Amino acid sequence: MEFRFLQIIAMMLVVAVAATHSAIPVEMYWMSVFPNTPMPKALRNLLPSPAALAGNHMKAAVADMVNENKAFLIPRGKSSYQIIYAYSNGNKEFTYGNVTTNKDVFFFESKLHPGSKMNLKELTGKASRTAFLPRLVADSIPFSTQKFAQVLHYFSLQPESAASKILKQTMEDCEAPAMEGEARYCATSLESFVDLGVSMLGQNIQLLSTELERETQSQEFSIGEGMKMVGKSEIVCHKMSYAYAVFLCHSIDKTDLYKVPLVGEDGTRAAALAVCHKDTSAWSPKHLAFQILKVEPGTVPVCHFLARDTLVWVSN
């Protein structure tokens with residue numbers, strides 16, 4: 001009964017706002033928190049469509065969203081989050097299997113200088129456009145490995161299907177314990193995404209993302225002039241593979257964030273985000289970074305660019 005009540009309230013909100021051609025509720029929430037700051041394009045692209053959520057059955061509307069985003073629920077090996085941040089948790093060791101990647105996925109900080117050439121596959125992949133659900137709806141849908149049977153029932157998925165395995169992997173990533181010096185949280189709605197940034201960094205913050213001038217297949221880039229450090233206490237939020245927008249956000253001690261101007265081999269310009277982890281002593285010795293760079297944990301800073309659909313909260 002309570003779940004049905006939430007569905008009705010959510011539908012009423014969306015339908016009423018859509019009828020007035022005004023901002024949808026989640027957009028109103030942004031304006032209530034940041035009244036003088038327009039919503040960044042990277043976040044606006046993830047707003048739920050009023051038409052998509054104004055049907056007679058909210059559950060059916062969400063299921064339609066799953067179908068629309070099946071392309072992002074196809075197994076593609078390890079996600080960028082898993083490749084970059086996997087580490088030992090107790091006795092559970094993450095294994096990479098047959099991960100294939102280029103040598104520039106991790107690099108030394110000394111490589112961040114004008115003229116440096118890098119192969120950056122993560123900048124050219126198609127960004128996921130899977131949208132957020134309103135918080136009322138997202139909070140009413142089970143999101144827990146302990147309630148995974150309910151999740152499968154909700155989305156009408158079979159336990160052994162490819163989509164169910166990916167949904168479960170995202171939940172496991174969200175439930176994994178934080179490593180030393182890390183704070184982490186998964187946001188399942190735009191409202192909770194905003195609340196997280198404000199609760200950790202205060203209200204005087206901004207949201208950054210990688211900006212690509214145009215779509216390109218060229219993976220070869222050169223660093224241009226004007227690189228600058230833009231944060232030391234940032235919250236990095238990785239877009240996860242799920243039926244609707246879910247971000248795994250975390251803050252890791254002793255991590256610097258850079259905004260890096262890039263020029264592609266074909267002339268495409270980008271403003272990319274890169275992070276350098278100054279202290280990797282808590283990382284697993286089997287981490288891919290150490291395999292690529294041939295160094296030991298905690299010896300030198302390890303850097304990497306952020307994926308195209310990663311969002312970062314930083315203090316102004």
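Visitor: Is K278 buried, partly exposed or exposed?

Guide: K278 is partly exposed, with a relative accessible area of 35%. This comes from a predicted model.

Visitor: Which residue does the K278 side chain meet in a salt bridge?

Guide: The partner is D256, at 3.5 Å from N to O. The two belong to distant parts of the chain, 22 residues apart: K278 sits in the loop between β10 and α10 (288-293), and D256 in strand β9.

Visitor: And what about D256, buried or exposed?

Guide: D256 counts as buried, at 5% relative accessibility.

Visitor: Which lysine forms a salt bridge with D256 at 3.0 Å?

Guide: That is K232, with 3.0 Å between the closest N and O atoms. D256 lies in strand β9 (residues 255-264) and K232 in the loop between β6 (228-231) and β7, so this pair ties together parts that are 24 residues apart in sequence. K232 is exposed, with a relative accessible area of 53%.

Visitor: Which residues are linked with D256 in a network of salt bridges?

Guide: E109, K232 and K278 are linked with D256 in that network.

Visitor: How many salt bridges does the structure hold?

Guide: Nine. One of the others to look at joins the side chains of E213 and R214, 3.3 Å from N to O. E213 is partly exposed at 48% relative accessibility, and R214 is partly exposed too, at 40%.

Visitor: Changing topic. How many disulfides are there?

Guide: The count comes to three. With the bonded cysteines numbered in sequence order, the pairing is 1-2, 3-4, 5-6.

Visitor: Take C174. Where is its disulfide partner?

Guide: C174 is joined to C186, with an S to S distance of 1.9 Å. C174 lies in helix α8 (residues 162-175) and C186 in strand β2 (residues 182-187), so the bond ties together parts that are 12 residues apart in sequence.

Visitor: Why does C186 count as buried?

Guide: C186 has a relative accessibility of 13%, and the cut-off for buried is under 20%. C174 is buried as well, at 17%.

Visitor: Which other residues of α8 are buried?

Guide: Besides C174, the buried residues of α8 include A163, S164, I166 and L167. T170, M171 and D173 are buried there too.

Visitor: How far does α8 reach from its first C-alpha to its last?

Guide: It reaches 20 Å over 14 residues, close to the 20 Å expected at 1.5 Å a residue.

Visitor: What sits in the loop between α8 and β2?

Guide: A178 is found in that loop. A178 counts as partly exposed, at 40% relative accessibility. Its C-alpha is separated by 9.6 Å from that of I252, a residue 74 positions apart from A178 along the chain.

Visitor: Back to the disulfides. What does C237 pair with?

Guide: C237 forms a disulfide with C249, their sulfur atoms 2.1 Å apart. The torsion about the S-S bond is about 115°, so this disulfide is right-handed. C237 lies in strand β7 (residues 235-239) and C249 in strand β8 (residues 247-252), so parts 12 residues apart in sequence are tied together. Both cysteines are buried.

Visitor: And C276, what is its partner?

Guide: C303, with the sulfur atoms 2.1 Å apart. The link of C276 and C303 is right-handed, at 105° about the S-S bond. The pair links distant parts of the chain, 27 residues apart: C276 in strand β10 (residues 269-277) and C303 in strand β11 (residues 302-305). C276 is buried at 0% relative accessibility, and C303 is buried with a relative accessible area of 0%.

Visitor: How does the lining of the second largest pocket split by class?

Guide: It has 10 nonpolar, four polar and 11 charged residues.

Conventions. Residues numbered from 1 in each chain as written. Predicted model: local features only at pLDDT ≥ 70, side-chain atom pairs only at ≥ 80, totals over all residues. Heavy atoms only, no water. Disulfide = S-S within 2.5 Å. Helix = DSSP H or I, 4+ residues; strand = E, 2+ residues; numbered from the N terminus. Buried < 20%, exposed > 50% of the residue type's maximum accessible area, 1.4 Å probe, protein only. Nonpolar A, V, L, I, M, F, W, Y, C, P; charged D, E, K, R; others polar. Expected span 1.5 Å × (residues − 1). Salt bridge = Lys/Arg side-chain N within 4 Å of Asp/Glu carboxyl O.
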